[in-house]
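Thanks for coming. I have one model to go through, so please look at the screen.

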Amino acid sequence: MFAIALMMITVEKKPADIKMNAQFVITLNWTGVDDIDTWLRSPTGDIVYFRRLAAPMMHLDRDDLGDDGDVLHLASGEVIRYEYNQEITTIRGFIPGEWVLNIHMYKRKQSAPAEVMVTMQRLNPVAETVFIRKYKIKRNWREITVARFTMDAEGNITNQDDLYEKLIRDSKNVGKKIDTHKNDNQRNWDVSDEHIDVPGVP
Ligand SMILES: [Ca+2]
């Protein structure tokens with residue numbers, strides 16, 4: 001009877017029906033074992049990063065440390081490796097004003113440059129790419145402004161550039177509102193191969 005009951009269960013194959021409470025998703029991917037971090041500041045001055053994973057309207061899924069925690073030793077002696085590095089930041093609602101997205105090379109652990117890709121997707125009403133940016137990062141403690149973008153109350157991105165805006169402060173100042181135009185005239189990268197434009201993407 002048990003076998004027959006199992007056979008009567010029909011398995012319908014269809015895409016996973018997962019509803020995300022999200023308007024924008026920012027994904028940081030990189031190769032190798034370095035520890036790179038995502039920093040996102042909203043127009044309210046709140047910053048999500050590895051020490052503050054959630055703030056109004058946004059959250060960071062986890063702090064990927066590069067190699068740490070990617071190797072799992074099972075009781076059987078089998079070793080499972082997961083060498084894919086990724087941090088995902090979600091914007092759940094619209095806060096009008098300027099947003100700043102930085103990445104930071106927190107700890108270099110290898111001699112080869114880390115190859116980094118940052119993407120931002122808008123999910124509603126239809127999924128679309130806001131930007132894709134690629135970098136090769138060679139130096140420890142390198143902080144790069146990936147995007148400064150202006151959002152309106154409907155979630156439209158009305159302006160976008162990548163002029164450098166430092167977000168990392170000493171710990172007592174993290175999260176405080178700072179002058180967003182202080183570094184307007186500074187280009188963000190000073191080594192040409194650190195930034196790779198992706199043709200066809202604004
Ligand atoms: Ca990290």
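In β13, the residue that bridges to T150 is N159. This is a predicted model, in which local features need pLDDT of at least 70, side-chain atom pairs count only at pLDDT 80 or more, and totals for chains, interfaces and linings use all residues. Residue numbers start from 1 along each chain as its sequence is written.

Staying with that pair, β12 and β13 are antiparallel and share four bridges. By pairing I mean that DSSP finds at least two bridges between two strands. Strands are DSSP runs of E with at least two residues, helices are runs of H or I with at least four, and both are numbered from the N terminus. Five residues separate β12 from β13 in a hairpin, and G155 in its turn has a positive phi of about 90 degrees.

Now the sheet. Its order is β3-β2-β9-β12-β13, an open sheet of five strands with antiparallel pairing. β3 and β13 (157-161) are the edge strands with a single partner strand each, so one side of each has no neighbour in the sheet. At the β3 end, two bridges connect β2 and β3, and R41 faces I47 of β3. Buried means 20 or more other C-beta atoms within 10 Å of the residue's own, exposed means 12 or fewer, and partly exposed is in between, with C-beta atoms placed from the backbone.

Next, the core. How many residues does the largest nonpolar core have? It has 28, and I36, L40, L101, I103 and V116 have the most contacts inside it. Such a core is a set of buried Ala, Val, Leu, Ile, Met, Phe, Trp, Tyr and Cys residues joined through C-beta atoms within 7 Å. β9 gives the largest share of this core, five residues. Taking V116 and leaving out residues up to four places away in sequence, its contacts are W30, I36, I103, K134, Y135 and I137. A contact here means C-beta atoms, placed from the backbone, within 7 Å.

Over the whole protein chain there are one helix and 14 strands, and 23% of the 202 residues count as buried.

Last, confidence. The mean pLDDT, the predictor's confidence in each residue from 0 to 100, is 82 for the protein chain, and 77% of its residues reach 70 or more. Residues 171-193 fall below 50, though this stretch has 27 contacts in the model beyond near neighbours in sequence. Where pLDDT is low, predicted coordinates should not be read in detail.

How values were computed: Contact = placed C-beta atoms within 7 Å.
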